[in-house]
Amino acid sequence: EARVLENAIRGDVADYVRAEKTLILGWNRQAWTIIRELDEYAPDGSSLTVAADIAGGEEELRQKCAPEKCRQKICWQSADFTNRSDLDRLEPTDYDHIILLPDDGLPELDADWRTLVTLVNLRDIARGKGHPFTIVSEMKDIRTRDLAMVTRIDDFIVSDNLVSHAICQICENKHLAGVFRDIFNSEGSEIYLKPVSEYVEPGIEVNFLTVVEAARRRNEVAIGYKIGECAANQDEGYGVKLNPCKSVKLVFKTDDRVIVLAES
């Protein structure tokens, strides 16, 4: 029978929230929604830059994202980010997170091709500078998924596919609609991937029950974990383990994450 390993639980770990810099490459009909949602979670002092080559985009951004309307500083840069020299001038390594959006005005495969070219360049820049910024990208066509994994992208969203899955689950169980609504709302609890070191000591053997107890003491619910070294391994589910057996023995490393339901 699994038991809580008290010596492995970290003591009171102060939440250190620092300002973050986010770069959005591209523009489409989802951009405003993304900016509004990011603004709900942005720590004080954070900033967001949009880089795209759309006429009139800067003026539109200035009107909709005036300082009195947004918590974070938001600005615009005109750039063709598929061009390597333009991408270098944006200095991606200055940012913590990069979001890559496809162009709605292009056919799906053409838009995804532009995305893949940019992803390859971003990974090359990150490798050359040794700066591990995170990258999240939207894909238009599910068939592009396997190619995207070659770029070691942190995450990607195939928007139509995601919506289809959500609709199917709600059709099977209408009560899930309320769950989705609560999780995706900026108020209340959301799903987070937090450093394992906030919960248990890395480098020593623990069971998942200990992780669950460590999260409970922070008023959170641990629902799984992510192994950092498996992030690019499709056979290992990219390192994500949900609802594991509480008796499973684990030795976490500092780049691993605990998946929790928690308030922001």
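This is a predicted model: local features need pLDDT of at least 70, side-chain atom pairs count only at pLDDT 80 or more; totals for chains, interfaces and linings use all residues.
**Helix H8 and its surroundings**
- The buried residues of H8 are Phe208, Leu209, Thr210, Val211, Glu213, Ala214 and Ala215.
- These buried residues pack against four strands: E8 (205-207), E9 (221-226), E11 (249-251) and E12 (257-263).

- In soluble globular proteins, nonpolar side chains tend to be buried together.
- Here, the largest nonpolar core has 20 residues, and Val200 and Phe252 have the most contacts inside it.
- At least two residues of this core come from each of H8, E9 and E12, and H8 gives the most, with 4 residues.
- Setting aside residues up to four places away in sequence, Phe252 touches Val196, Val200, Pro202, Gly203, Val206, Val211, Tyr225 and Ile227.
- There is also a second, separate core of 18 residues, which includes Ala51, Leu90, Tyr95 and Leu116.

**Thr82 in its loop**
- Look for Thr82 in the loop between strand E3 (73-78) and helix H3 (84-89).
- The side chains of Thr82 and Asp80 are joined by a polar contact of 2.6 Å.
- Apart from neighbours within four places in sequence, Thr82 is in contact with Arg114, Val117, Thr118 and Asn121.

How values were computed: Residues are numbered from 1 along each chain as its sequence is written. Side-chain values use heavy atoms; hydrogens and water are left out. Buried means under 20% relative accessible area, exposed over 50%, partly exposed in between (1.4 Å probe, protein chains only). Contact means heavy atoms within 4.5 Å. A polar contact is a pair of N or O atoms within 3.5 Å; within protein, one must be able to donate a hydrogen and the other to accept it, and residues adjacent in sequence count only if both atoms are side-chain atoms. A nonpolar core is a set of buried Ala, Val, Leu, Ile, Met, Phe, Trp, Tyr and Cys residues joined through side-chain atoms within 4.5 Å.
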